[in-house]
Amino acid sequence: MKKTVLWSLCAVLAATVLTGCHSRMSSVPNGFVPDIDYAIKLAEIYLPPIYGQEMISQQLPLHGILKDDRWIISGTVRTGVDDQQIEIVIDRVTGEVHSVKPYVDFAKKVYPARTELKSY
C-alpha cells in the first residue's frame, strides 16, 4: 500500500514538472508592464528617489525599448551636459526592476552628488 501511494505521488510530481508549472504572474496577458508608456511611468516613479527629481528632469523625455521581455528605459542626455545617462531595466512579465544605472552606493547615508555616480 505504501509503495502504491509513493508511486502515485511520484507520478503526480513528474506530470506536474513535465507539463510545466506556470505561476499566476506569467498568465497575465502581456505581463504586468504591457507597453512602453506604462514602463516609462514606472521609471518616472522609481528613479527620483534614487537620483533626485532634478537629474530626472534634465534627462526628459525618457525613452525605451523591449529586449528579451525586459523594458530598458533610458534618459536623454543633452549635448554639453556632463551627466551620465540614467537607465532602468524593468521585467515586462513581473514588473521587477532588474537594474538601474549609473551605479549608486546605497550603503552611504546620503545620496551621492552627480559627479560621484559611477557606471558599471
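Biologist: Is Lys 101 buried, partly exposed or exposed in this structure?

Modeller: This is a predicted model, and in it Lys 101 has a relative accessibility of 31%. Buried would require a value under 20% and exposed a value over 50%, so Lys 101 counts as partly exposed.

Biologist: Which residue forms a salt bridge with Lys 101, the closest N and O atoms being 3.8 Å apart?

Modeller: A salt bridge needs a side-chain nitrogen of Lys or Arg within 4 Å of a carboxyl oxygen of Asp or Glu. The partner lies in strand 3 while Lys 101 lies in strand 4, so the pair ties together parts that are 14 residues apart in sequence. With the closest N and O atoms 3.8 Å apart, the partner of Lys 101 is Glu 87.

Biologist: How many salt bridges does the count come to?

Modeller: One of them joins Glu 87 and Lys 101. Asp 69 and Arg 92 also form a salt bridge, with their closest N and O atoms 2.8 Å apart. By this rule the count comes to 2.

Biologist: How many residues apart in sequence are the parts that Asp 69 and Arg 92 tie together?

Modeller: Asp 69 and Arg 92 form a salt bridge. Asp 69 lies in the loop between strand 1 and strand 2, whereas Arg 92 lies in the loop between strand 3 and strand 4, so the distance in sequence between the parts they tie together is 23 residues.

Biologist: In which strand does Ser 74 lie?

Modeller: Ser 74 counts as buried, at 9% relative accessibility. Leaving aside neighbours within four places in sequence, its contacts include Pro 61, Leu 62, Ile 86 and Glu 87. Ser 74 belongs to the run of residues 70–74, which is strand 2.

Technical notes:
Residues are numbered from 1 along each chain as its sequence is written. This is a predicted model: local features need pLDDT of at least 70, side-chain atom pairs count only at pLDDT 80 or more; totals for chains, interfaces and linings use all residues. Side-chain values use heavy atoms; hydrogens and water are left out. Helices (H or I, at least four residues) and strands (E, at least two) are DSSP runs, numbered from the N terminus. Buried means under 20% relative accessible area, exposed over 50%, partly exposed in between (1.4 Å probe, protein chains only). Contact means heavy atoms within 4.5 Å.
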